[in-house]
Amino acid sequence: MNFEICTDCVEGAMAAEKYGAKRIELCSALSVGGLTPSFGLILQCVENSSVEVHVMIRHKEGGFVCSELDINLMKVDISMAKQAGATGVVFGVLTAENTVSNKNKELLNFAKQLNLEVTFHRAFDFLIDYKKGIECLINFGFDRLLTSGLKKTAEEGLDVISFLQQHYGDQLQIMAGSGINSSNASKFATIGVNNLHFTARKPISFGNSFSMGDVMVVDEEKIRTITNLF
């Protein structure tokens, strides 16, 4: 089983390496689904761990419809990720009708010219026709798809993930993500999925210290318990 740890910090990359994960999805702003991290964060994750660093390319929260200005900005961020030493990038652009946008092909070709792997993220779970959607991704040349099977959690979407793995898993990697834990991780192995994605962080308290939100740290125990299952 290949594990991808979704993280927003250098410590997350180091923990991923410690427990044998293959890669990280590096983001900022995980509370809004993940945004593009800084150049410095990418560079430090690359320099302080041996895991593959795959960078979220998403500069604004909300939906997944992008203008030409957005696409140009995303290309700059893809170049930044390459310059910092990333192995791959993660993005997903939809049309206003919730279909796979042809703009993904433009971004994918740009990333491939830089020898980066490309993952389509959970924008997939908002498509109106996921079968047509995955065929588009395969035709475009995506390496990997992250999905919860169109549901809030991957466990709820197990049937769709199983269908995707059975019918398309030989054409791109199907990676299950959202709500993965030590109680349900083994279920995905039974349907042939060999890529799991999960976030592992927890809040800590500093007593009466002032803050502008929860302070989050890496949950190494979660990583250990899931990776030890396989």
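Trainee: Which residue does Glu-52 form a salt bridge with?
Mentor: Lys-22, with the closest N and O atoms 3.5 Å apart. A salt bridge here is a side-chain nitrogen of Lys or Arg within 4 Å of a carboxyl oxygen of Asp or Glu. Keep in mind this is a predicted model, where local features need pLDDT of at least 70, side-chain atom pairs count only at pLDDT 80 or more, and totals for chains, interfaces and linings use all residues. Residues are numbered from 1 along each chain as its sequence is written, and side-chain values use heavy atoms, leaving out hydrogens and water.

Trainee: Where do Glu-52 and Lys-22 sit?
Mentor: Glu-52 is in strand 3 (residues 52-56), while Lys-22 is in the loop between helix 1 (10-18) and strand 2 (23-26). They're 30 residues apart. Helices (H or I, at least four residues) and strands (E, at least two) are DSSP runs, numbered from the N terminus.

Trainee: Is Glu-52 buried or exposed?
Mentor: Buried, at 18% relative accessible area. Buried means under 20%, exposed over 50%, partly exposed in between (1.4 Å probe, protein chains only). Lys-22 counts as partly exposed at 36%.

Trainee: How many salt bridges does the structure hold?
Mentor: 12. Among them, Lys-75 pairs with Glu-106, closest N and O atoms 2.7 Å apart.

Trainee: And which helices does that pair link?
Mentor: Lys-75 is in helix 3 and Glu-106 in helix 4, 31 residues apart. Glu-106 is partly exposed, at 29% relative accessibility.
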